[in-house]
Amino acid sequence: MYKRQGLVSAQNSKPWSLGGFTGLSLANASIKNGIPGDYQNLYAFNANAYLEYSFQNRVSIQTQLGFLQTGYQISDQTNLRVNVDGNLMEFDNSYSGYDFQYLYHNIVNSWLIGYTFGEKYTIKPQIGLFGGLNLGTKTESVNYLYLDPVDHETIGDESLPIGYVESLEEGEIYKGTFSPYQFGLVSSLVLGYRIDEQYQFSIGSSFYLDLIDSAASSDLAGFEQYFRTFTINLGFTLFL
């Protein structure tokens with residue numbers, strides 16, 4: 001009982017804390033009128049540092065500054081269609097497709113309110129707002145084609161390759177193509193283990209819900225893009 005009371009007293013006497021966390025991001029986006037295809041999650045990276053003030057070791061206000069990668073992947077594959085002697089023919093044994101990847105690099109600042117349950121072992125839900133600035137976007141596209149030898153003979157075009165071929169292109173989207181700003185809601189759940197009076201280890205997850213259409217300034221009519229990013233992290237806290 002004495003050790004438990006001592007830990008509680010130490011926690012209450014150290015309302016300020018400084019920490020950081022890093023881990024995996026699972027990124028995707030809500031897309032309207034975009035490129036046709038199957039939109040998939042993109043595995044990425046995030047890292048944050050934070051400063052927090054706690055009231056009586058329960059209610060807390062936290063600000064975070066960090067690096068967050070968002071984005072998504074698109075893939076599509078269809079049977080090969082070729083115009084043969086004026087007739088559009090579809091070949092079931094041959095196909096073409098693409099895999100696109102868009103990786104956005106962002107600086108993000110978040111402000112959250114939280115409540116801590118427990119003392120040595122803690123659970124802390126948090127909710128707040130975040131704003132971000134896009135530093136640049138990397139793109140990777142793979143276009144591929146498979147032409148069955150029998151289909152190749154039917155088509156009769158010697159310029160077409162037999163078998164599987166693909167092309168890889170990498171680049172960067174011009175910063176003026178999409179909005180460089182982010183703003184939205186962020187929530188998190190942090191599980192902590194208080195090592196002693198000064199240090200705490202934690203594992204947590206966060207979800208970023210972007211409320212700004214990052215494609216609003218693009219030239220694509222009707223195209224809308226809202227990012228959704230889930231993170232899971234390991235963290236460390238120093239109580240000041």
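Trainee: Which strand does S206 lie in?

Mentor: Bear in mind that this is a predicted model, where local features need pLDDT of at least 70, side-chain atom pairs count only at pLDDT 80 or more, and totals for chains, interfaces and linings use all residues. Residues are numbered from 1 along each chain as its sequence is written, and side-chain values use heavy atoms, with hydrogens and water left out. Strands here are DSSP runs (E, at least two residues), numbered from the N terminus. The run covering residues 199–210 holds S206, and that is strand β9.

Trainee: Is S206 buried or exposed?

Mentor: Buried means under 20% relative accessible area, exposed over 50%, and partly exposed in between (1.4 Å probe, protein chains only). S206 has a relative accessible area of 8%, so this residue is buried.

Trainee: Which residues does S206 touch, not counting those up to four places away in sequence?

Mentor: Contact means heavy atoms within 4.5 Å. On that basis, S206 touches S187, S188, T229, F230 and T231.

Trainee: What is the nearest side chain of opposite charge to R194?

Mentor: R194 sits in strand β8, residues 181–194. Lys and Arg count as positive and Asp and Glu as negative, with His and the chain ends not counted. A salt bridge needs a side-chain nitrogen of Lys or Arg within 4 Å of a carboxyl oxygen of Asp or Glu. R194 is buried yet has no salt bridge, and the nearest such side chain, 5.8 Å away, is D196.

Trainee: How far is the backbone oxygen of E197 from a polar atom of the R194 side chain?

Mentor: The backbone oxygen of D196 lies 2.9 Å from a polar atom of that R194 side chain. For the backbone oxygen of E197, the distance is 2.6 Å.

Conventions
Helix = DSSP H or I, 4+ residues; strand = E, 2+ residues; numbered from the N terminus. Polar contact = N/O pair within 3.5 Å; in protein donor to acceptor, adjacent residues only side chain to side chain.
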